[in-house]
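Here is a short tour of a protein chain for someone just starting out with structures. Have a look at the picture first, then read on.

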Amino acid sequence: MKKLFVLLATTAFLLSCSPKKIIVASATKKVADVTKYINTINEASLSKNLHVIASDEMEGRNTGEPGQKKAGLYLIEQYKALGISNPPGSTDFYQKVPAEFMKKGFAPKLGDSENIWAFIPGSEKPEEVLVISAHYDHVGMKNGEVFNGADDDGSGTVSLVEIAKAFSEAKKDGFSPKRSILFLHVTGEEHGLHGSRYYSENPLFPIKNTIADINIDMVGRRDTLANHTQNGKYVYVIGSDRLSSELHTINEEMNTKYVGLNLDYTFNARNDPNRFYFRSDHYNFAKKGIPAIFFFNGVHEDYHGPNDTADKIEYDLLAMRVKLAFTLAWELANRENRIVVDKDGK
C-alpha cells in the first residue's frame, strides 16, 4: 500500500507539472530576428559580385556563348561557398536548355545553354517551393564592343546570390525556411524568355507545388522620370495582384515594415503600352497559374547599350530593392499557409 501511495503521488505530481513544463518550453522557443538577416544584404558584396558578372571578361553573356558559361561558373562558386547545393533530383547545378528549344523564327541561332539552379530545402513543408528568378544572359558583343548588362540583368543575378546568403545565415542560426526555395538563374531571356519557359514546361518540382515566383529584372538604377531622378527610393511592382490578392498585400506589408520604398504600379496597369508584364521571366510562371511578382527599375538611357556598366549601378538603391525581395521571400516561405490563388490572371 505504501508503494502504491508513493506511485500515485508521484504520478499526480508529474501530471500537475506537465502543463507548466509545456508552457515554459513554448515560451522559450527561439524566434528569428528577421532584421539581422536583412542586414546581411549589403552594397559591398553586391558590388563585388556585379563587377565580376558584368565584367568585360564575360563578353556580354550572350546565350550559350563562352562568356555566359563563365558567368554561370562564377554563380555556382558563390552558392558552393555559401553551403547551398543543387536541388534534389538534379545531377548538378545545371538544367540544360537545348538550342533546338530556343529556335524562334528569324531570330539568331543560339547554342545549347543552361539554367542554373540552387536550392534550400524547407524544414516543415519541403514539397512546397518558392521560386526566385532572374535571367543571367545579356546581348553579348557587337562590333567588338562588350554590352556588359550590369543592370540588365546583372543586378537581378547578384540579387539572387545576396538573398541566398541571407537565408543561409538564417539557416546557420537554426531558422531554415519552412518551405523550400529554388534560386533559378534563367538563360535566353533576351531572345524570348526561353529559359523560364523551358523550366515552366520541364519543372524539376511539380508546378502545382510552386507557391509563387519572385522575379528580379533590372533593379540597380533609376529611370528618367522626373520624380525618380529626384528620389530613387522606388521600385516598379508588376503582376503582384494578377493571380493572388495576398501576394500583393504581403509585399506592401513587408515594404512598410522593413524597407520603405515607394512602390510604383504604373507599369502594372492593364492598358500599359509597354506591356512589361509579358516581357520578363515571371510571365512563364503566371501563364501556369503561379502567383508572380516582378521587381523593376524601369528603362534608362543605357538600356541594351554598351554603357550599362557596373560603375553606373546605384548600390544603395540596389540593396534596398534586394531587401524588399528578401523580406517578401521570407514571409512567403515561412507563413502558416501558402498564398491563395483567387484571381484569374487578367
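## A word before we start

Two strands count as paired if DSSP finds at least two bridges between them. Keep that in mind for Phe-119, whose bridge partner in strand 6 is Leu-182. One more thing: what you're looking at is a predicted model.

## The whole chain

Let's zoom out. The chain has 10 helices and 10 strands. Its C-alpha atoms fill a box of roughly 100 × 45 × 40 Å along the principal axes. Of the 346 residues, 55% are buried.

How much of the contact in the chain links residues 24 or more positions apart? Among contacts with a separation of 6 or more, such pairs account for 82%.

## The sheet

Now for the sheet. Strands of a sheet pair through backbone hydrogen bonds, and they can do so in a parallel or an antiparallel way. Here, eight strands make an open sheet, and reading across it you get the order 1-2-6-3-7-10-8-9, with mixed pairing. At the edges sit strand 1 (94-97) and strand 9 (262-264), each of which pairs on one side only. Going from one strand to the next, the twist averages 25°.

Both kinds of pairing show up. Strand 2 (residues 113-120) and strand 6 run antiparallel, joined by five bridges. Strand 3 and strand 7, on the other hand, pair in the parallel sense over five bridges, and Ile-132 stands opposite Ile-214 in strand 7. Strand 7 also pairs in the parallel sense with strand 10, this time over four bridges, with Asp-213 opposite Ala-292 in strand 10.

Is strand 7 enclosed or open to the outside? Seven of its seven residues are buried, so strand 7 is largely enclosed by the rest of the structure.

## Helices on and around the sheet

Helix 8 (residues 245-259) lies across strand 8 (234-238), strand 9 and strand 10 (292-296), and it runs at about 40° to strand 10. Helix 10 (residues 315-334) packs on the sheet too, touching strand 3 (125-135), strand 6, strand 7 (210-216), strand 8, strand 9 and strand 10. The direction of helix 10 makes about 180° with that of strand 7.

Then there's a helix pair to spot. Helix 4 (residues 66-81) packs with helix 5 (residues 150-172) at an angle of about 10°, and their axes are 10 Å apart. Angles under 35 degrees count as roughly parallel, so helix 4 and helix 5 are roughly parallel to each other. Where they meet, helix 4 brings Leu-75, Gln-78 and Tyr-79, while helix 5 brings Thr-157, Leu-160, Val-161 and Ala-164.

Helix 6 is mostly covered, with six of its eight residues buried. Those six are His-194, Gly-195, Ser-196, Tyr-198, Tyr-199 and Ser-200. Their cover includes strand 1, strand 2, strand 6 and helix 9 (282-286).

Just one residue left to meet. Glu-189 is in the loop between strand 6 (179-186) and helix 6 (194-201).

How values were computed: Residues numbered from 1 in each chain as written. Predicted model: local features only at pLDDT ≥ 70, side-chain atom pairs only at ≥ 80, totals over all residues. Heavy atoms only, no water. Helix = DSSP H or I, 4+ residues; strand = E, 2+ residues; numbered from the N terminus. Axes fitted to C-alpha atoms, helices over the stretch in contact; angles between N-to-C directions. Contact = heavy atoms within 4.5 Å. Parallel < 35°, antiparallel > 145°, perpendicular 65-115°, else oblique. Buried < 20%, exposed > 50% of the residue type's maximum accessible area, 1.4 Å probe, protein only.
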